[in-house]
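Q: I would like to learn how to read the side-chain contacts of a model, one kind of feature at a time. Could we begin with a charged residue and work outwards from there?

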Amino acid sequence: LKYRKYLAARSIQSTWRTYFGRTTYGEYKAARRVQATWKMHLARRQFRKYKASQRIQAVWRGQRELTTYRRIVSARKIQAAWRGFQAYTDYIFSLVDILVVQRTIRQWLAMRKARAIRANNAATLIQKEFRRFKAQTTLVYTMVQIIVTQSVVRRYIARYRIQERNAELEVERQAALRRDMAATRIQSAWRGFWGFSHYIIIQYEVTRLQSLIRGKLARQAYS
């Protein structure tokens, strides 16, 4: 009789340990699935953040390179305009110097010629040379005034165009900055909504899984 009781007790213990092991293993598998799902969700969210940061960096770098390129182009245009103006001014001053030297030489030649022919027709020749000198001087001064006026007008036009271009660049930069800020706000709102939705779904699934497991354990305990 004692041996039969021992066998019965051992059979009951073996059955209980088998049932307890299976139940514990089921709970372990369920916990491992929940952990795997949560880790996969975290990895996906981290990957999406990484991709979004890459896109933002690419857009920012493109905008920065475009701004640098536009600045370089504007600087080149300004340098070209300034060099052209400087070269043109040097040319005008050189031309004026040449004309002044020519005038002086011609005046000296005219004076020497006037002294040579003063005995015959001095008054007529002197008047003729003076009138020609006066006409040449008037022409030179008129040309100088015209050239200086043209340079001033061109410089004013160039400055006005540069100001317009700078204003356009500033407007484009402000528009690009506003687009970047709007895109950042939209992405932030969408990520917050997406993360909150996933958190609610996971919490609901975990709660449902816990309720199913507890219901099963309760039914097993009362059956």
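Q: Is R70 buried, partly exposed or exposed, and how is that decided?
A: The general idea is a set of cut-offs on relative accessible area: buried means under 20%, exposed means over 50%, and partly exposed is in between, with a 1.4 Å probe and protein chains only. R70 has a relative accessibility of 26%, so R70 counts as partly exposed. Please keep in mind that this is a predicted model, in which local features need pLDDT of at least 70 and side-chain atom pairs count only at pLDDT 80 or more, while totals for chains, interfaces and linings use all residues. Residues are numbered from 1 along each chain as its sequence is written, and side-chain values use heavy atoms, with hydrogens and water left out.

Q: Which residue does R70 meet in a salt bridge?
A: A salt bridge here is a side-chain nitrogen of Lys or Arg within 4 Å of a carboxyl oxygen of Asp or Glu, and by this rule the count comes to four salt bridges. In one of them the side chain of R70 meets that of E172, at 2.5 Å from N to O. Because E172 lies in helix α2 and R70 in helix α1, this pair ties together parts that are 102 residues apart in sequence; helices are DSSP runs (H or I, at least four residues), numbered from the N terminus. E172, at 31% relative accessibility, also counts as partly exposed.

Q: Where do E168 and R165 lie, and how many residues apart are they?
A: Both E168 and R165 belong to helix α2, three residues apart, about one turn of the helix. Their closest N and O atoms are 3.3 Å apart in a salt bridge. E168 is partly exposed with a relative accessible area of 43%, and R165 is partly exposed at 35%. Helix α2 also holds R173 and E170, again three residues apart, about one turn of the helix, and these two form a salt bridge with closest N and O atoms 2.7 Å apart. R173 counts as partly exposed at 37% relative accessibility, as does E170 at 37%.

Q: What describes a pair of aromatic rings?
A: A pair is described by the distance of the centres and the angle of the planes. Rings of Phe, Tyr and Trp (its six-membered ring) pair if their centres lie within 6.5 Å, and planes under 30 degrees apart count as stacked, over 60 as edge-to-face and the rest as tilted. By this rule the count comes to three aromatic pairs. One of them joins W82 and F85 in a tilted arrangement, 5.8 Å centre to centre with 40 degrees between the planes. Both residues lie in helix α1 (residues 2-116), three residues apart, about one turn of the helix. W82, at 51% relative accessibility, counts as exposed, whereas F85, at 22%, counts as partly exposed.
A: W190 and F193 form a tilted pair, with 5.8 Å between centres and 40 degrees between the planes, and they are separated by about one helical turn because they are three residues apart in helix α2 (residues 118-222). Ring pairs link W190, F193 and W194 into a cluster.

Q: Which residue lies over the face of Y88?
A: A charge sits over a ring if NZ of Lys or CZ of Arg is within 6 Å of the ring centre and within 35 degrees of the ring normal. R154 lies over the face of Y88, at 5.5 Å from the ring centre.

Conventions. Helix = DSSP H or I, 4+ residues; strand = E, 2+ residues; numbered from the N terminus.
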